[in-house]
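Please work through the following exercises with the sequence and the model side by side, and try each task before reading its solution.

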Amino acid sequence: MIVGVLGGGQLGWMLGLAGRALGARCRFLDPNPDSPARHVGDHVVARFDDGAALQAFATGLAAVTYEFENVPVESARALASRLPVMPAPEALATAQDRLHEKEFFHRLGVPTPRYRNVRDERDLLETVVKLGLPTVLKTRRLGYDGRGQTLMTVATDLSPAWEALRGVALIAEEFVPFDRELSLIAVRGRDGDVRFYPLVENHHREGILRVSLAPAPDVAPALQAAAESYAKRILTELNYVGVLAMEWFERSGELLANEMAPRVHNSGHWTIEGAATSQFENHLRALVGRPLGPTDVPGVAAMINLIGEVPDLAAAEGSEGVHVHRYGKSPRPKRKMGHVTVTASTREELLTRLTRLGPVGAPALSAVGVFSTTPALDPRPPEVSDAAGTKSSPR
Ligand code: AMP
């Protein structure tokens, strides 16, 4: 059985690895000839909107999915007219536009930060009058890893923010002084069976995920239940099949939805070693109509992203509970080059194992508050203004 994957980054690579154990091969479509996923499946090198390439790609596939969110929805729709595309292109379309996404959440009663559509400079002014400052101005489309957004803190920030991002559709959101960022990985099978992993605590810097702690410490059962109930509404509404990631801000014990990703997610990498069934395996199980695997989590885990370059991991690699993943990409600033997951039975054991990792474990120790030579959490969105969301993807 062959599953088609639009995108061939590290998420595709990990899907391909999980597929092997299930007897499912993956075929990737990605314009980048050096895509990491090429090592674990067939690789069609073509643009996502190349009609002839899409035709050839689709031949013989059991189903198609995405590992990259900025795939043109039209391409997903064209494929969906021939074979099952999961999650459905509508989920992709919703996630690609921050305004539609927030309106969708609103319609389903899923709480979000207050937001407004910004069409012109006057809208921006009115928005700031309504929402107050600080406010975050974001491109509606093609934002990722904190790109295409800017924080307005004082009135004189408005004009530069507008100048930096104008020319594309925009949304403004109240800046949420959150207590922490959480995410929920959910999965729904073809038969409607739904499973959830525990909420994960995520730490970003410069808009890029650095560390995930799983399960998130000190989560009240009611908070987990709320996250699951909101995610379930979304899964049901979209008749969703596969893994859905929901990113949340937690503020005073309440959840506000930041965004959703209709795919496997970086904050779920820890499930490879830290859960009974990984997000990748469960995504594929859902796609091919197999029963979902259990999402039990026997211990605790910390996932550390390796950004820009892979440090010396020689000492780390032999250590107990340390799992190193290298994506085989060439180094580039802000690029996700690999990740390290540290698993343990208890929090104390996790801290000991992280300490043994030296500088590699430091971001996770900082995240759990053991020390803070660098700020554990920088809640300010980066003042990056890649307004066009150009495809200079750091993937
Ligand atoms: P995003 O690309 O929207 O996920 O934003 C990247 C990161 O910027 C988030 O993970 C948050 O750390 C921060 N951020 C985005 N939107 C807001 C907001 N409305 N309030 C506070 N922080 C935000």
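## Exercise 1: The second largest pocket

By class, eight nonpolar, one polar and three charged residues make up the lining of the second largest pocket. The model used here and in the exercises below is a predicted one.

Task: find which elements give two or more residues to the lining of the second largest pocket, and which of them gives the largest share.

Solution. Next, go through the lining, which consists of Arg 205, Arg 210, Val 211, Ile 304, Asn 305, Leu 306, Ile 307, Glu 309, Pro 311, Pro 359, Val 360 and Pro 363. Placing these residues on the elements shows that strand E12 (208–214) and strand E15 (300–307) are the ones that give two or more residues to the lining. The largest share comes from E15, with four residues.

## Exercise 2: Two helix pairs

Task: describe how helix H1 (residues 10–22) packs with helix H10 (residues 279–288), and then do likewise for helix H6 (residues 121–131) and helix H7 (residues 158–165).

Solution. Two packed helices are described by the angle between their axes and by the distance between those axes. For H1 and H10 the angle is about 65°, and the axes are 8 Å apart. That makes H1 roughly perpendicular to H10, the range for this term being 65 to 115 degrees. H1 passes H10 in a right-handed crossing. Leu 11, Met 14, Leu 15, Ala 18, Gly 19 and Leu 22 in H1 meet Phe 280, Glu 281, His 283, Leu 284 and Arg 285 in H10. This contact has seven nonpolar, two polar and two charged residues.

For H6 and H7 the angle is about 135°, with 11 Å between the axes, and the two helices are therefore oblique to each other. The crossing in which H6 passes H7 is right-handed. On the H6 side Glu 121, Leu 124, Leu 125 and Val 128 take part, meeting Leu 158, Ser 159 and Trp 162 in H7. By class, the contact of H6 with H7 divides into five nonpolar residues, one polar and one charged.

## Exercise 3: Backbone in the loops

Task: locate the loops that hold Pro 134, Pro 215 and Asn 239, and state what the backbone does there.

Solution. Most residues other than glycine have a negative phi, and most peptide bonds are trans. Pro 134 lies in the loop between H6 and strand E6 (135–139), and the peptide bond from Leu 133 to Pro 134 is cis, with omega near 0°. Pro 215 is found in the loop between E12 and helix H8 (221–237), where the bond from Ala 214 to Pro 215 is cis, with omega near -15°. Asn 239, in the loop between H8 and strand E13 (242–251), has a positive phi, near 45°, although this residue is not glycine.

Note on methods. Residues numbered from 1 in each chain as written. Predicted model: local features only at pLDDT ≥ 70, side-chain atom pairs only at ≥ 80, totals over all residues. Heavy atoms only, no water. Axes fitted to C-alpha atoms, helices over the stretch in contact; angles between N-to-C directions. Parallel < 35°, antiparallel > 145°, perpendicular 65-115°, else oblique. Left-handed = near helix turned anticlockwise from the far one by under 90°. Contact = heavy atoms within 4.5 Å. Nonpolar A, V, L, I, M, F, W, Y, C, P; charged D, E, K, R; others polar. 1 Å grid on protein atoms, 1.4 Å probe; cavity = no way out; pocket = protein on both sides within 12 Å on 5 of 7 lines; lining within 4 Å.
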